[in-house]
Structure formats: structure tokens, C-alpha cells
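Here are my notes on the model, as numbered points.

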Amino acid sequence: MEVKARAPGKIILAGEHAVVHGSTAVAAAIDLYTYVTLRLPLQSAAENNDRLTLQLKDLSLEFSWSVARLKEVIPFDSNTSTPASCSGDTLKSIAVLVEEQNIPEEKIWLSSGISTFLWLYTSIRGFNPATVIITTELPYGSGLGSSAAFCVALTSALIASSISDKTHREGWCSLDETNLELLNKWAFEGEKIIHGKPSGIDNTVSAYGNMIKFCSGEITRLQSNMPLRMLITNTKVGRNTKALVSGVSERTVRHPYAMKSVFNAVDSISKELAAIIQSKDEVSVTEKEESIKELMEINQGLLQSMGVSHSSIDTVIRTTLKHKLTSKLTGAGGGGCVLTLLPTVVSGTVVDKAVEELESYGFQCFTASIGGNGAEICF
């Protein structure tokens with residue numbers, strides 16, 4: 001039996017960093033996906049194939065464990081309806097299984113993701129042989145939610161494989177609300193293994209799609225009522241998210257009143273942005289885009305005042321501005337990715353010229369629709 005699943009990446013439209021200090025943030029799904037193919041052998045063949053294999057196609061890597069070895073190391077609790085956190089002891093046991101794979105030194109950053117895979121798979125499917133194939137359109141570690149998309153897509157495939165009604169339907173289809181809620185909880189537990197203390201924004205956007213508003217731990221799903229396209233530029237400059245977050249906090253300690261004003265301004269931007277996106281009034285799309293453009297400019301200025309911009313980000317902003325396009329960093333900053341609003345009236349020639357110039361700096365560009373579908377499955 002074969003089940004396929006896909007889950008989108010995400011961008012932060014407004015509110016990054018300020019969200020840590022109580023401001024509102026707005027995040028959205030993008031139509032760049034991580035795909036998971038789950039192949040379960042037939043019962044008759046399962047006896048001859050007693051291995052769990054993980055193939056990372058984009059990296060040309062394969063890892064494999066015997067079911068007997070998994071049973072020996074990982075404690076099993078078949079209660080998939082109530083997702084729970086992976087205990088420290090279990091994580092240590094799983095780490096042994098990962099170390100046995102002799103991951104190449106330059107790919108050692110994959111270890112937490114492989115641990116997450118083993119834990120989610122055995123927690124949801126038990127100790128059953130399978131081949132799991134992962135491919136992705138998302139660059140790793142660039143702030144586009146690649147780890148959350150991996151957790152959501154994997155969990156979607158695992159849960160879908162357990163659904164009794166596998167009636168063949170054409171193309172991709174969504175899971176029902178109950179299973180979406182279940183997979184989102186599991187994916188969040190997977191994100192904890194990778195990131196320690198994630199906010200839950202990335203996995204929620206990836207699971208449900210469209211857009212969300214996030215403030216002080218509370219997540220509200222938004223319904224977009226306008227098309228939105230962005231050029232996403234990956235500067236390929238690595239950044240230390242923890243150090244950037246700490247830097248903003250230290251600046252806040254030094255200048256509490258000034259930074260409070262900055263965070264309040266960001267909060268207003270996020271709320272206004274959410275209102276524009278959800279608005280059903282007669283205001284034209286062009287007018288709405290003009291408002292979003294201005295809010296992005298203000299938000300970028302505030303992010304610079306927090307100290308989280310970077311010369312590579314400034315290069316993207318200057319380059320796109322030459323083509324009368326507006327940009328802002330997305331996520332942690334310090335490199336990573338930059339968003340550029342593509343208004344509905346912009347010509348393809350303008351976009352092509354901007355992309356050509358950005359790529360001449362060694363950057364990587366993607367065009368993405370914003371606020372699309374969340375996790376989907378295909379039998």
C-alpha cells in the first residue's frame with residue numbers, strides 16, 4: 001500500500017521578533033511543499049522485509065533499521081489518539097539508533113530530524129516495516145518552516161495510512177477536521193524534538209494552511225479574501241536564531257521605553273495587515289496591495305531598529321526597490337529569506353529582471369502564492 005502526503009512551508013508576513021515580547025504576528029502558508037511517500041509492504045511480503053527505511057531523495061541519503069532493533073531500543077505506547085511529548089530517556093535511546101547510521105559529518109544537522117522521524121513513526125504506526133521517501137521544495141534552515149512541513153507531511157501520511165476508508169479520489173485531498181487537529185498535535189511534538197521550544201506557529205500554518213494570527217500563545221486561523229503573491233529570496237546566509245532573539249531582548253533591557261514603542265507599532269501593523277487580508281469590503285485589490293506594501297516598509301524599518309537586518313537583506317531590498325518592488329525580511333533575520341510583494345499589476349518582465357539581478361548575487365529566488373492549502377493526502 002502507498003500513501004502520499006504533502007505539507008506547505010510558511011512565511012511570517014509581520015510580527016517576527018516582536019511576537020516574543022507580546023506583539024501580534026501574522027504567518028501564512030506558501031505553495032512550496034514537502035512531500036512524503038509511505039510504502040507499506042503487503043502482509044505476505046512484510047515477513048521477508050523487516051526494515052524501516054528512510055530515503056531523503058534531495059540529499060541522496062538513505063537510513064535503515066531492522067524492526068527487531070527498533071523494538072529493542074524504543075519503548076512502544078500505541079495510543080495515537082493522545083499525542084504526548086517524547087521523554088528525555090526515549091530521546092536518548094533514539095539517539096543511539098541515529099548514531100548507528102554514521103551520518104556524514106557535514107550532514108550531522110539532520111540528526112534531530114531523523115530522531116523525530118523514528119519517534120513519530122513508531123508512536124503512530126508501531127514497529128511495522130515500511131519505506132518512507134521524503135522530497136522537498138523548501139530550502140533547509142532558511143526560515144520557511146521546512147522542519148514543520150516535514151513533521152506535518154510525515155504525520156499526515158502516517159495517520160492517513162491508518163484510516164479505514166481509503167476510497168480512491170483524484171488528486172490531493174484534505175483530512176477531516178478531527179484528523180487535522182490530531183496531526184497538528186503530533187507535528188508540534190515532533191517540532192519540540194527539533195527546536196526545543198517552538199511557538200506552534202509553523203506546524204499550525206503547515207497543517208491548516210491559509211493564514212494565522214498569533215499573540216501570547218494564542219493562535220487564530222484567518223481566512224484570506226484576496227490573492228497574494230510574493231517573491232521569496234533565500235540569501236543563503238546562515239543565521240543563529242537564538243542569538244538574534246537574545247540580541248533583541250538585550251536591546252529591550254537597555255532601552256525599555258523605546259523598544260516598547262517599537263513592539264506596539266509592530267502589533268498595530270500585524271492587526272491592520274490581518275484586517276486587510278480578511279476584508280470583504282469593496283476596496284480594490286490594488287488599494288489593498290498598496291496598504292500592504294506600506295505596512296511591509298514600516299515593518300522592515302522597525303526590524304532594522306531591532307538590529308536583526310543584515311547586509312544581504314539590505315542588498316535584496318535595494319535591488320527590488322530599483323524595480324519599484326517592496327521587500328522585508330521574514331523570520332529571524334540576520335540573513336535567511338526576504339519577501340518581496342508582487343502586485344497583481346506587476347509585469348512578468350519586471351519580476352524576471354529583478355530575479356536575474358538577485359541571482360547574480362548568488363541568491364536563490366522562488367515565486368509563491370500566499371495563503372493556500374494546508375496538509376493534503378493522496379492514495
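**Notes on salt bridges and a helix crossing**

1. Lysine 322 counts as exposed, at 56% relative accessibility. The cut-offs are under 20% relative accessible area for buried, over 50% for exposed, and partly exposed in between (1.4 Å probe, protein chains only). Lysine 322 meets glutamate 357 in a salt bridge through their side chains, at 2.4 Å from N to O. Lysine 322 sits in helix 11 (residues 311-322) and glutamate 357 in helix 12 (residues 348-360), so the pair ties together parts 35 residues apart in sequence.

2. A word on the basis. This is a predicted model, in which local features need pLDDT of at least 70, side-chain atom pairs count only at pLDDT 80 or more, and totals for chains, interfaces and linings use all residues. Residues are numbered from 1 along each chain as its sequence is written, and side-chain values use heavy atoms, with hydrogens and water left out. Helices (H or I, at least four residues) and strands (E, at least two) are DSSP runs, numbered from the N terminus.

3. How many salt bridges are there by this rule? The count comes to 13. The rule asks for a side-chain nitrogen of Lys or Arg within 4 Å of a carboxyl oxygen of Asp or Glu. Glu2, Lys4 and Arg39 are linked in a network of such bridges.

4. Glutamate 376 forms a salt bridge with arginine 6; their closest N and O atoms are 2.8 Å apart. This pair links distant parts of the chain, 370 residues apart: glutamate 376 is in strand 12 (residues 376-378), arginine 6 in strand 1 (residues 2-14). Both glutamate 376 and arginine 6 are buried.

5. Lysine 271 pairs with aspartate 267 in a salt bridge, with 2.9 Å between the closest N and O atoms. Both lie in helix 9 (residues 256-278), four residues apart, about one turn of the helix. Aspartate 267 is buried, at 15%.

6. Now the helix pair. The axes of helix 3 (residues 88-99) and helix 4 (residues 111-125) come within 9 Å and cross at roughly 110°. That makes helix 3 roughly perpendicular to helix 4 (65 to 115 degrees). The contact (heavy atoms within 4.5 Å) is made by Thr90, Leu91, Ile94, Leu97 and Val98 of helix 3 and Ser111, Ile114, Ser115, Leu118 and Trp119 of helix 4.

Notes: Axes fitted to C-alpha atoms, helices over the stretch in contact; angles between N-to-C directions. Parallel < 35°, antiparallel > 145°, perpendicular 65-115°, else oblique.
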